[in-house]
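Please keep the sequence and the structure in view.

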Amino acid sequence: MSTVSPTSSAGASPHRGLFGSIYDSIADLGAVVILWTETLGDMVLFSLRTFSWLFSRLPRRDTLLPAFYNIGVLSLPVIALTGTFIGMVLAVQSYTQFQAFGFETRLGALINMSMSRELGPVLAATMLAGRVGSAIAAELGTMRVTEQIDALESMGANAIQYLVVPRFLGCLLMIPSLTIMAIFMGVVGGGYYSIHILGIDSYHYWTNSQQFVENWDLFYGVFKSVFFGATIALVSCYRGFHCAPGAEGVGRAATAAFVMSFVFILILDLGLSIGLDHVYNWIWPQWATYQ
């Protein structure tokens with residue numbers, strides 16, 4: 001007859017059954033909440049250190065210009081191409097609904113306003129997070145794994161001032177230009193497809209576009225893009241600086257940089273859209289009923 005030893009019974013988990021599963025689920029949820037709280041706290045401290053070096057001393061020109069070139073110039077082709085096809089897709093998807101009500105000549109107003117206010121900045125930020133953000137996280141993560149960042153600090157240089165600030169300024173200052181390019185190419189793509197493929201009268205198309213789209217709409221999108229660029233740079237640099245060891249850690253850092261940047265972009269997009277709408281209604285209350 002087999003017996004159970006006291007040591008084996010003492011080492012068994014006291015949580016069994018339904019209540020044990022509920023307890024484990026709550027414990028796992030709490031661990032995730034604690035992890036996210038710690039991560040957000042570390043990111044805030046990392047951002048404060050970045051801002052302190054940004055306002056205390058600007059980086060050198062030889063570190064700043066390559067960041068501008070890699071982030072801004074090399075991102076133009078993919079953003080221009082994507083913006084063009086997004087404008088065409090808007091024309092294809094909206095034409096049938098507008099034609100049913102006899103408003104096909106106002107299709108340009110929808111396309112141009114959508115590109116200026118929402119799709120242009122979000123598209124540019126998403127492309128920047130995928131092309132630049134992941135690359136920044138992978139590059140800095142590789143430097144962390146190979147101890148290049150530690151070697152840089154051992155020589156007396158500040159890693160944040162030398163590595164993070166140039167990339168932060170590159171994303172912050174280049175994304176407005178990329179957003180304007182995405183908006184412009186979306187307007188061109190949507191106008192070309194609407195006029196030359198769908199056969200909409202060009203005069204009424206551009207006249208309605210001019211009447212419904214204002215300078216505020218362009219400012220609306222460019223203003224939001226500045227916050228998107230700053231978020232992408234801080235999140236990507238943070239994930240690269242806190243990369244786990246090994247090649248797997250570098251890959252996870254690059255993936256996490258894109259995912260976190262995209263989530264924060266959507267959250268910021270919602271908050272900034274609500275705030276800018278309130279500002280518009282406060283400055284021009286007579287037009288509030290038309291928004």
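At 44% relative accessibility, Tyr69 counts as partly exposed, a class that lies between buried (under 20% relative accessible area) and exposed (over 50%), computed with a 1.4 Å probe and protein chains only. The model is predicted, so local features need pLDDT of at least 70 and side-chain atom pairs count only at pLDDT 80 or more, while totals for chains, interfaces and linings use all residues. Residues are numbered from 1 along each chain as its sequence is written, and side-chain values use heavy atoms, with hydrogens and water left out.

Tyr69 belongs to helix α3; helices are DSSP runs of H or I with at least four residues, numbered from the N terminus. Helix α3 covers residues 61–73. The buried residues of α3 are Thr63, Leu64, Ala67, Phe68, Ile71 and Gly72. They lie on the same side of α3, because they cover an arc of only 130° around the axis, the arc being that of the directions from the helix axis to the C-beta atoms. An α-helix has 3.6 residues a turn, so residues three or four places apart point the same way. The buried residues of α3 pack against α4 (76–100), α5 (107–145) and α7 (159–197), where contact means heavy atoms within 4.5 Å.

Leu48 is located in helix α2 (residues 17–56). Leu48 counts as exposed because its relative accessibility is 51%.

Terms used
Helices (H or I, at least four residues) and strands (E, at least two) are DSSP runs, numbered from the N terminus. The expected span of a helix is 1.5 Å times one less than its number of residues.
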